[in-house]
Amino acid sequence: MAEVHIIGQILKAVDFAEPHLYCKWSLQSGNAWRLVQGEVQGQSHVASHRLQSSSDFAQPLDIHLSTASVQGWPRLLVEVYAVNVLQQSWPVGYGFVHVPSTPGTHRLEIGTWKVAPNGLWQSLRERFGGGGAALSKTDLLYSGVERYKLQTLSSGKVIVELNLIFRKFDEYGVEFK
Amino acid sequence: MSASEGISLPGNEETTPPHEKHKQKAKKAKKKSRSAKESVPNAMDAKATASYFSLSIVGQIVSATFPLGPDKEFVFLRYEMVAGPDWQLCSGPQHGLTQLATNRRGHFNEPIVFNMPIEVTYKSTSPYGWPQILVSVFGRSGLGRETLLGYAHIHLPVFGSRRPADQTEQLQAPILMPKCPNMMADITSWLLRREPELKDPKVLLDNLKCKGLSMESYGSLQFQLSSVMRGARKLGYHWHS
């Protein structure tokens with residue numbers, strides 16, 4: 001079985017309108033992939049910056065996967081939530097990125113989107129009432145199947161740095177040249 | 001003759017057939033990664049039970065930078081190396097404490113230089129639990145009162161140093177300071193002039209335990225670290241693309 005090690009950090013979120021953010025992440029992969037060690041989901045602390053409008057999560061990732069097939073290459077899903085003074089939280093960014101397919105150090109920028117408010121009342125609720133709309137089924141994040149009914153706005157970026165170590169892939173004929 | 005004798009550099013393709021990689025043959029080999037410094041060659045006697053690879057990290061905590069100056073006059077750091085269950089520390093200290101450094105005589109946003117050496121060697125069977133360095137930044141006012149200024153943590157470099165092109169680029173880690181969980185704690189901390197500290201800073205390295213924490217980031221630490229690895233290619237790991 002070929003093995004993949006993903007070692008890195010979800011570094012920070014930039015260009016979001018809200019100052020206090022936290023990030024929920026999960027790593028999803030196909031049926032042929034098995035988790036050997038590590039956790040495939042997590043939630044960071046609430047982060048804000050004193051001077052700029054960025055949030056440093058510094059959420060370490062250390063995942064060991066083993067696989068029998070190249071299909072179902074793992075994806076990192078990220079949901080950024082904002083928190084207000086009353087401790088209410090609402091999603092302000094959804095995004096995903098495929099884990100790169102070459103070994104080495106990679107710095108990835110995940111562009112995120114959020115659900116667009118649908119009228120005046122929803123815009124006001126988003127601004128003042130603790131949150132806009134959220135997705136009810138989060139599998140829309142990584143599947144392209146039923147997206148055409150959704151209206152979205154672009155949101156900020158999440159910066160992730162990953163180091164990838166592959167093992168025994170050339171025994172199965174996969175080359176990374 | 002195995003092609004892995006002598007120094008293996010990126011670009012020297014490994015021409016051994018894959019199944020030979022797992023045969024343990026007694027041979028002398030010297031392997032260096034891209035940014036390797038000169039080290040005394042070790043005879044790698046491959047026995048049947050030798051399935052460790054060893055990782056040697058050399059470098060320093062260069063400095064701490066605060067954009068509007070540090071909150072206290074003197075700053076010192078306490079660092080700790082944290083690694084997974086498969087990792088064994090072979091040499092080097094696991095904890096360390098730096099000197100008290102200040103930048104008061106100069107410009108307020110000059111980097112506060114520590115120049116703290118970090119030299120550790122780890123031995124492991126698997127890259128899971130790659131060692132991280134967790135630094136607690138403390139400040140000491142001129143009157144001797146010490147408080148926490150924040151925590152910073154990074155993974156030790158996985159591939160030599162950061163990128164082969166810019167060897168002088170330093171690793172930056174943001175300094176995160178925990179905020180008070182409620183108003184009462186805020187008032188108490190203002191009265192006693194002590195910031196809240198985490199009971200166990202390793203909570204920041206866990207994926208689920210830091211859920212309710214609220215942190216503010218201010219300042220960053222600069223590291224200059226490079227790693228030398230030995231024995232990983234024999235175990236089948238693709239270390240470089």
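## Where B meets A

Begin with polar contacts: 18 residue pairs make one across the interface of chain B and chain A, both residues at pLDDT 80 or more. Such a contact is a pair of N or O atoms within 3.5 Å; within protein, one must be able to donate a hydrogen and the other to accept it, and residues adjacent in sequence count only if both atoms are side-chain atoms.

A word on what you're viewing: this is a predicted model, where local features need pLDDT of at least 70, side-chain atom pairs count only at pLDDT 80 or more, and totals for chains, interfaces and linings use all residues. Residues are numbered from 1 along each chain as its sequence is written, chains are lettered from A and ligands numbered from 1 in the order in which they are written, and side-chain values use heavy atoms, with hydrogens and water left out.

Now select Arg50(A) and Glu216(B): their side chains form a salt bridge at 3.5 Å, N to O. The term takes a side-chain nitrogen of Lys or Arg within 4 Å of a carboxyl oxygen of Asp or Glu, and the two chains have 2 salt bridges between them.

Next, show the whole contact (heavy atoms within 4.5 Å). You'll pick up 45 residues from chain B and 42 residues from chain A.

Last stop: which residue of E10(B) is the bridge partner of Phe166(A)? Select His238(B), and there you have that partner.

Definitions and conventions: Pairing = 2+ DSSP bridges. Helix = DSSP H or I, 4+ residues; strand = E, 2+ residues; numbered from the N terminus.
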